[in-house]
Every structure is written in structure tokens, then in C-alpha cells.
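I opened this structure to take notes for someone who has not seen it before. My entries go from the whole chain down to single residues.

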Amino acid sequence: MIKRYIAMNTPRQMIFAGLCLAFLSLCLVDVATPDDRVFRAGAATSNITPSIGADPNVRTSKPPATHVHDELHARCLVLDDGQSKLALVVCDLRHISAEVVANAKQIIQRTTGIPPECVLVSATHTHTSTGTKLEEGESVPYYDYSALLTRRIAEGVLRAVNQLEPARIGWGVAEERTQVFNRRWFLTAKRGPIYGAHDNIEQVDTNPGYSGLLRPAGPVDPQITFLSVQSTSGKPIALFAAYGLHYVGGIPANTISADYFAMFADRVGELVGADRHQDPPFVGLMANGTSGDVNNLARYSDEELAKRGPPPTKRYLPYEKAREVANLCAEKVTEAHKTLKWHDHVKLTSVQRTLTFKRRYPTKEEVEWAEAVKAKKIKPMSTSRYSTYSTVLAYNSPEMPPTIDVIVQTHRIGDLAVAAMPFEVFAEIGLDLKQRSPIQPLMNISIAHGSHGYLPTPEQHRLGGYETWIGVNKVQLDASVKLVDALAEMLGELKSGKP
């Protein structure tokens, strides 16, 4: 039709028609192939279980394990939007050092091409992971475990990349309110002043008894935010979740276990229909949310106990409570999973920053107290804002660097946002960030890219309690404010599309 029209008109009209034909051809090409990029996903696990048994020639932070109940893993999920890749790694460890993460990222970039800012590595905070203390400045293994861990994390990501296949993705939010309780409580009888210093009254207690309680000192976050990926044929590939629960425990001494985090990973696979014999295997991942002041031990105020009577008690067998929590969480996630909206393609974007915090040093009063205890002029208290006298004196050393650099990340996966923080973050900080995030829902992940102690708010610092003591808290008292401001800004960059 167009050729016929050209033949019947003047040369000028023929030129115009030719230009129109060329433009039409370009438009037809764009319409036919708007974006031929394929979304892919791959998942894998890498065994990171350390050796058991004591080595008399090597110092460890606690007695080494003599039994392995369940293996520890680096659980890896890689997403690929055709232009960018994102690697999400959850390690069955109490802590993870910034050095291990940085070295693993270098290997990952070399072997897979995924840049460090697109790799998120976190620890679950299971308290039964190793006899070593893999945190800042204290990586002292039975053997060179840090080197093994570094390599195994990188290998896990490489395996996940090798498993990449066309996939679709969905995300959602479930709630499990019955297993999260703030562990910091105001007491009906306030603690007295410590050594006559009235400004050092401990107003709250961490993990107190079950009587003499006034009210919790903070909130909890009952949400389980999760994302799920499956093949284009509907085969489950992986499910990644985050829940603000410290850990569960109830595991025999000297035993290695990944706690409820791994039990959830196993159970949720069953519930979403993953075949145990499928190839490649389904991978479940449960990260630690903002749970620095949260556990699953139910406590009630004296007033509430007077109304409802004493709660029922139950003696749990080893692993029974952890399995109960894992099953409850998996069931809630599975219910939400049934209503997911699946996406054949989403865009992946990431923002990473290095934040510099002032290191927290002990006050003059704290140092005087510690020196007096060391000289045996006064008796140490079982509970004080000063932790142990040796910790106070260690943190008063001029050899301690004045600042701490920490890595923080935000990621956007379609309309799901992820924020990663290298602290044991209080629940109210995570809730504040969720409220401020311009992208909803937001998944918070703690103990990511390092382990730099507890992170209370300035208000919680004024209340005292274990998480605010020198040593377990290592950075300036308003660090949480600066952290949330930075992450909110980074999430804004992801929202605007200008990271």
C-alpha cells in the first residue's frame, strides 16, 4: 500500500513518505521487542560448619562444640534482571566480621562479576553456631575458620549464579505476634543509684524475672517480610524472609545448631510445595530483622498478671521450642504466599554507603569506677551501666581507633525495598525506618556486613540496661539517628531512580 502511494506522487512526497516509512519501521521494532531481558533467579547453600573438638593450642571465645545437631550454611539467592545481579546471603552464625564479608565480596566480584554493593551478607545470630567469635577484631578460630568461611560464602554465591534460570518473583508481609516480646522492662521497684552517682540509675532491666514488672521499655515488630521466586513453570526456587526475633535457643550445651532460622527454611519449603528431590534444591532463607531488644520469652506486668492469672507453663524438650517458632512463622508466610502477585520481570537497583561513627569511649566517671574495682577498693556490681571493669579499661585505651566505618545498603527489588545494617538493631529503629521508607514494603536486616554491637536509640541509652553498656555498644550515642537518616535518604534515591 505504501509503495503504491509513493509511486503516484512527486519526488518531495516520495522523500516524505520514505521518512515516514523509516520512522514506522523503528516504531514497529520497538513495539515488537520492548524489552527482551529475562528475569532469572538461582539459589544454593554452602556448608560453613566449623570443626568440633578442642584444640589445646588455640584460644577460643567459648568452649568448642562436641556435637553437630544440624549443619550450618551460607544460604545464597541470586537475582538477575538481565542488566544487574543482586546476591543475598544469610549465614547461620552468631556474628560475622566486616573483614570476612569484604574478602568474600572480592572473590564474588572476581568469579561472578557481581559488584560488592550488590552483595548483601548477614548473620542470623544463632547462639549455637561456633566456638569462635567472628566479630570486630576478635577472629580467633580453632583453625583458620575465617578463611574457610570467606571462601564458602563466595562459593555459595557462585553456585547460585550457576543455577540461574528464568523465573518470576513475588513478595509479601505476614505477621506472627505471639513469638516476639521486648526483653527490656521497667521494674516496679527502680534500681538504686550505682555508687552514689544518681545519673547512673538503671531504669530498665534486660531479661528480668517474671515478677515486679511494670511495662516493656520498647515495641516489637511482628512482621515477617518475604520474597519468593519460582521457575516459569511454577517450581519453587527460594524464599527469603526476615523476622525481628533474636533467636530461640533451647539447644543442649556444646552443640552446633542453626536454631529456628534453619528450621523455618526447611519447613517453609515443604509448605510452598518444594519437592525434596527437585534439582536444583529449594533454598529457604531467614534473616534476622531488627531484634536487638526482642526475644520470644513472654513476660507480663504485675497488673496484667493480677487480671489474667499466671500464664501456663511448659517444659520444652531440646529443639522443641525452636521448631514450634519455625513452624508458626512458616505457616503464616505460607498463608500470605497464597495471595502473592507474581511478576515476570522486575528491576534491581542498589545503593551502598560507608558511614563513619565516632567510637564510644568510657566517661571519666566510668574509668574511675573501673580503676577502683581493679584495685579492689570497691566491689563490682552484678549489673551496672559500666559492664565489667576490664571492658571499660580496654575501651579507654588510646590504641582504640577514634572512629568506626560501617557499610550500609539499600536494595530495590521491584516494589520491595531491603535495608541492611551491621548492628543488633532495636525494634523501634526498624519500625521508624519502615515508616519513613518511600518504598513499601521494607525488609530490615540486621548484622549485615559486620557486627558492631548493639544499636539502641538515644532515649534507650538514657534508660540504661545491658544493651547500652560500654563494649556491647561501641558507637556514638546518637548513631541510630544518623543511621536511619542515611538509610531513609538512600531509599529515597532508589524511589527516585537516581541512586
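**Whole chain**

I began with the surface: the protein chain exposes about 22,800 Å², and carbon and sulfur atoms supply 53% of it. Accessible areas here come from the Shrake-Rupley method with a 1.4 Å probe, and for residues only the protein chains shown count as cover.

I noted the ground rules next. This is a predicted model, in which local features need pLDDT of at least 70 and side-chain atom pairs count only at pLDDT 80 or more, while totals for chains, interfaces and linings use all residues. Residues are numbered from 1 along each chain as its sequence is written, and side-chain values use heavy atoms, with hydrogens and water left out.

I looked up the secondary structure and found 12 helices and 21 strands. Helices (H or I, at least four residues) and strands (E, at least two) are DSSP runs, numbered from the N terminus. Of the 499 residues, 53% are buried. Buried means under 20% relative accessible area, exposed over 50%, and partly exposed in between, with a 1.4 Å probe and protein chains only.

I also checked contacts, meaning heavy atoms within 4.5 Å. Among those with a separation of 6 or more, 81% join residues 24 or more positions apart.

**Largest nonpolar core**

A nonpolar core is a set of buried Ala, Val, Leu, Ile, Met, Phe, Trp, Tyr and Cys residues joined through side-chain atoms within 4.5 Å. The largest one has 34 residues, and C91, L93, I96, I114, I153 and V157 touch the most other members. Two or more residues come from each of β3 (73–80), β4 (85–91), α3 (98–112), β5 (119–123) and α4 (145–162). Helix α4 gives the largest share, 7 residues. In soluble globular proteins, nonpolar side chains tend to be buried together.

**A four-stranded sheet**

I traced an open sheet of 4 strands with mixed pairing, in the order β16-β17-β18-β20. Its edge strands, β16 (348–358) and β20 (442–445), each pair on one side only. The twist averages 15° from one strand to the next. Two strands pair if DSSP finds at least two bridges between them. Strand β18 (residues 416–420) pairs with β20 in the parallel sense over 4 bridges.

Helix α12 (residues 479–496) lies across β16, β17, β18 and β20, at about 160° to β16. Axes are lines fitted to C-alpha atoms, for helices over the stretch in contact, and angles run from 0 to 180 degrees between N-to-C directions.

**Two loop residues**

Is D221 buried or exposed? D221 is buried, because its relative accessible area is 6%. I found D221 in the loop between β10 (213–216) and β11 (223–231). The side chains of D221 and K434 make a polar contact of 2.7 Å. Such a contact is a pair of N or O atoms within 3.5 Å; within protein, one must be able to donate a hydrogen and the other to accept it, and residues adjacent in sequence count only if both atoms are side-chain atoms. The D221 side chain also reaches the backbone nitrogen of Q223 at 3.1 Å.

P402 sits in the loop between α9 (389–395) and β17 (403–413). P402 counts as exposed because its relative accessible area is 55%. Leaving out residues up to four places away in sequence, P402 touches F357, K358, R359 and Y361. P402 and K358 are 44 residues apart in sequence but 6.0 Å apart in space, C-alpha to C-alpha.
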